[in-house]
Amino acid sequence: MRSDQSDLRSVFVIGTDTGVGKSLVSAALLRGAAQAGLRAVGMKPVAAGLDLQPDGSRACGDVLALQAAGNVAADPALVNPFCLPDPLSPHLAARRAGRRITLAPIVAAHRALCAQADRVIVEGAGGFLVPLDEGDGDPAPGAPLLTGADLAQALGVPVVLVVGLRLGCLNHALLTAEAVRARGLTLAGWVANRIDPAMACADENLDFLRRHIPAPLLADVPHASRWPQGWQPSLFLS
């Protein structure tokens, strides 16, 4: 399904890798939509890894951040259909938990959230082609593989790419943008996140990506633990 860039009721936030700032960007988009008076809710279809909370319970930090940034009190089972305890690649975390990640419950949860909110921000796991399911038992070479790209395609919404600026990001960013296009999805925009404050030629790398990623640069995020104060994302506010 090809997404329509004019319909930004929901977007899928992906990254060039794990740990590049997808949660930061997703939360910023949610806060911006909520501050504009829209009903905004986040979704983390697959979360792998639970953090110890002050009350002794365990929860996914990414999911908690999305819930705190939005303004719709949605059912946690819709916000995070697959919550897996171990911080592993999702297909391995699911296998260890005795579960199979499938698309149908995620698509149904997304549809339910879209009925409850004006804007739904979906945060992916890992990179665009992160493995979600490799089948039963001992998979043979060439066995069917379910990935984050399949999930994005099933949801059929525009994609926002978060690029972690560090050595190697040019290849990762161009490959990811190409993979998004190959799936027939719209790349609505991208965000540069300066995760390595010591990166050499960071500005030159950013300029290169501006020339070669066929989508607008939505923000250039300085190296920091939180989004720049006062930034208001233009995406989703109209």
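In this predicted model, the side chains of R95 and E134 come together in a salt bridge, with 3.2 Å from N to O. The two residues belong to distant parts of the chain, 39 residues apart, since R95 sits in helix α4 (residues 90-96) whereas E134 sits in the loop between β8 (131-133) and β9 (146-147). R95 is partly exposed, with a relative accessible area of 39%, and E134 also counts as partly exposed, at 29% relative accessibility.

A further salt bridge is formed by D62 and K44, whose closest N and O atoms are 3.4 Å apart. Here too the pair links distant parts of the chain, with D62 in helix α2 (residues 61-69) and K44 in the loop between β2 and β3 (46-48), 18 residues apart. D62 is partly exposed, with a relative accessible area of 27%, while K44 is buried, with a relative accessible area of 4%. Through salt bridges that share partners, K44, D62 and E123 are joined into one network.

The count of salt bridges comes to 10, and among them is the one in which the side chains of R39 and D118 meet at 3.1 Å, N to O. Because R39 lies in the loop between α1 (22-35) and β2 (40-43) and D118 in the loop between α5 (103-116) and β7 (119-127), this pair ties together parts that are 79 residues apart in sequence. R39 is partly exposed, with a relative accessible area of 40%, as is D118, with a relative accessible area of 24%.

In soluble globular proteins, nonpolar side chains tend to be buried together. The largest nonpolar core of this model has 51 residues, of which F12, V163 and W190 touch the most other members; its largest share, five residues, is supplied by helix α7 (residues 169-182). Beyond its neighbours within four places in sequence, V163 is in contact with T16, C169, A173, W190, V191, A192, N193, L209 and I213. A second, separate core of 21 residues includes V13, V20, V25 and A33.

L209 is also one of the buried residues of helix α8 (residues 202-212), which are A202, N205, L206 and L209. These residues lie on the same side of α8, because they cover an arc of only 100 degrees around the axis. The covering of these buried residues includes β10 (159-164), α7, β11 (187-193) and β12 (217-221), whereas the face of α8 turned away from its buried side carries the exposed residues R210 and R211.

Notes
Residues are numbered from 1 along each chain as its sequence is written. This is a predicted model: local features need pLDDT of at least 70, side-chain atom pairs count only at pLDDT 80 or more; totals for chains, interfaces and linings use all residues. Side-chain values use heavy atoms; hydrogens and water are left out. A nonpolar core is a set of buried Ala, Val, Leu, Ile, Met, Phe, Trp, Tyr and Cys residues joined through side-chain atoms within 4.5 Å. Buried means under 20% relative accessible area, exposed over 50%, partly exposed in between (1.4 Å probe, protein chains only). Helices (H or I, at least four residues) and strands (E, at least two) are DSSP runs, numbered from the N terminus. Contact means heavy atoms within 4.5 Å. The arc is that of the directions from the helix axis to the C-beta atoms. A salt bridge is a side-chain nitrogen of Lys or Arg within 4 Å of a carboxyl oxygen of Asp or Glu.
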